[in-house]
Amino acid sequence: MSLPLLERLTTRLVALSAHAERLRDQLAEAEDEMDRLRVTEQVVKEILAEEGAEEIGAPPGVGGSDDEPVPFYQVMLTPAQATEQVAQGIDLRPVPTPAPVGLLVPYRHHGASADELPADYQALLATVRAAGGPVMCRQVCERLGLSTESGQVEGVRAKLKRLAERGWLRKTPSGAFAA
């Protein structure tokens with residue numbers, strides 16, 4: 001091969017590597033935003049469920065057939081209707097929200113145990129717990145025998161952030177993770 005061709009290939013490889021890194025960053029940001037939205041959605045659902053017994057009221061025209069359940073957010077009663085239903089023995093307490101189905105990393109406050117986490121997340125959690133204090137992502141990679149190249153470290157960082165957002169770990173202001 002000629003030298004100019006090798007230089008062009010190297011230049012192209014560097015450019016593609018930089019582009020791939022930007023895409024990985026964008027993907028990580030999008031996943032973080034999705035996780036934040038899921039947490040927000042869960043909090044809103046819990047708040048609505050807690051307030052449901054107090055503020056339930058049905059707007060005109062909202063309802064459904066007996067075969068089709070009416071979504072919670074559409075079921076609204078006036079205080080007089082709620083009092084009447086309580087007098088009839090109808091339980092108006094909110095139904096506890098189950099853990100979201102299909103989440104790879106469940107929220108800890110849903111009573112999930114560490115055994116329900118995928119194996120790689122269990123290993124990360126055990127490593128952080130064994131450290132006895134806050135650890136940085138690079139240290140976690142070293143303790144697990146993983147590569148400390150930026151791509152590997154960023155993947156581990158994304159998983160640790162997900163564990164922190166779901167309540168399994170806590171993230172310190174310095175960016176370290178602790179049990």
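User: To start, how many helices and strands does the chain have?
Analyst: The chain of this predicted model has five helices and two strands. From the N terminus on, the order of the elements is α-α-α-α-α-β-β.

User: What share of the residues is buried?
Analyst: Of the 179 residues in the chain, 22% are buried.

User: Let us turn to α3. What span should the helix have, and what span does it have?
Analyst: Helix α3 covers residues 119-131, which is 13 residues, and at 1.5 Å a residue it should span 18 Å. Its end C-alpha atoms are 18 Å apart, in agreement with that expectation.

User: Which residues of α3 are buried?
Analyst: They are Tyr 121, Leu 124, Leu 125, Thr 127 and Val 128. Viewed down the axis of α3, these buried residues fall within an arc of 160°, so they line one face of the helix.

User: Which residues are exposed on the other side of α3?
Analyst: Ala 119 and Ala 130 are exposed there.

User: What do the buried residues of α3 pack against?
Analyst: Their partners are α4 (137-144), α5 (150-165) and β2 (177-178).

User: What is the geometry of α3 and α4?
Analyst: The two helices pack at an angle of about 105°, and their axes are 10 Å apart. Helices α3 and α4 are therefore roughly perpendicular to each other.

User: Which residues meet in that contact?
Analyst: From α3 the residues are Ala 123, Leu 124, Thr 127, Val 128 and Ala 131, and they meet Val 140, Arg 143 and Leu 144 of α4. By type, the residues of this contact are six nonpolar, one polar and one charged.

User: Is Thr 127 buried or exposed?
Analyst: Thr 127, in helix α3, counts as buried at 12% relative accessibility, since buried means under 20% relative accessible area. Setting aside its neighbours within four places in sequence, Thr 127 is in contact with Val 140, Arg 143 and Leu 144.

User: What comes after α3 in the chain?
Analyst: Gly 132 follows α3, and its phi is positive, near 80°.

User: Next, α4 and α5. At what angle do they pack?
Analyst: Helices α4 and α5 pack at an angle of about 105°, with their axes 9 Å apart. That makes α4 roughly perpendicular to α5.

User: Which residues are involved there?
Analyst: Cys 137, Arg 138, Val 140 and Cys 141 in α4 meet Gln 152, Val 153, Val 156, Arg 157 and Leu 160 in α5. The residues of this contact divide into six nonpolar, one polar and two charged.

User: What is the length of α5, and what follows the helix?
Analyst: Helix α5 has 16 residues and reaches 22 Å from its first C-alpha to its last, close to the 22 Å expected at 1.5 Å a residue. Gly 167 follows α5, with a positive phi near 95°.

User: Which residues of α5 are buried?
Analyst: The buried residues of α5 are Val 153, Val 156, Ala 158, Leu 160, Arg 162, Leu 163 and Ala 164. Leu 163 counts as buried at 0% relative accessibility.

User: What surrounds Leu 163?
Analyst: Apart from its neighbours within four places in sequence, Leu 163 is in contact with Val 105, Leu 117, Tyr 121, Leu 124, Leu 125, Trp 168 and Leu 169. The C-alpha atoms of Leu 163 and Tyr 121 are separated by 7.8 Å, although these residues are 42 residues apart along the chain.

User: Which residues is Asp 35 in contact with?
Analyst: Leaving aside neighbours within four places in sequence, Asp 35 is in contact with Tyr 107, Arg 162, Glu 165 and Arg 166. Of these, Arg 162 is also one of the buried residues of α5.

Technical notes:
Residues are numbered from 1 along each chain as its sequence is written. This is a predicted model: local features need pLDDT of at least 70, side-chain atom pairs count only at pLDDT 80 or more; totals for chains, interfaces and linings use all residues. Side-chain values use heavy atoms; hydrogens and water are left out. Helices (H or I, at least four residues) and strands (E, at least two) are DSSP runs, numbered from the N terminus. The expected span of a helix is 1.5 Å times one less than its number of residues. Buried means under 20% relative accessible area, exposed over 50%, partly exposed in between (1.4 Å probe, protein chains only). The arc is that of the directions from the helix axis to the C-beta atoms. Contact means heavy atoms within 4.5 Å. Axes are lines fitted to C-alpha atoms, for helices over the stretch in contact, and angles run from 0 to 180 degrees between N-to-C directions. Angles under 35 degrees count as roughly parallel, over 145 as roughly antiparallel, 65 to 115 as roughly perpendicular and the rest as oblique. Ala, Val, Leu, Ile, Met, Phe, Trp, Tyr, Cys and Pro count as nonpolar, Asp, Glu, Lys and Arg as charged, and the others, Gly among them, as polar.
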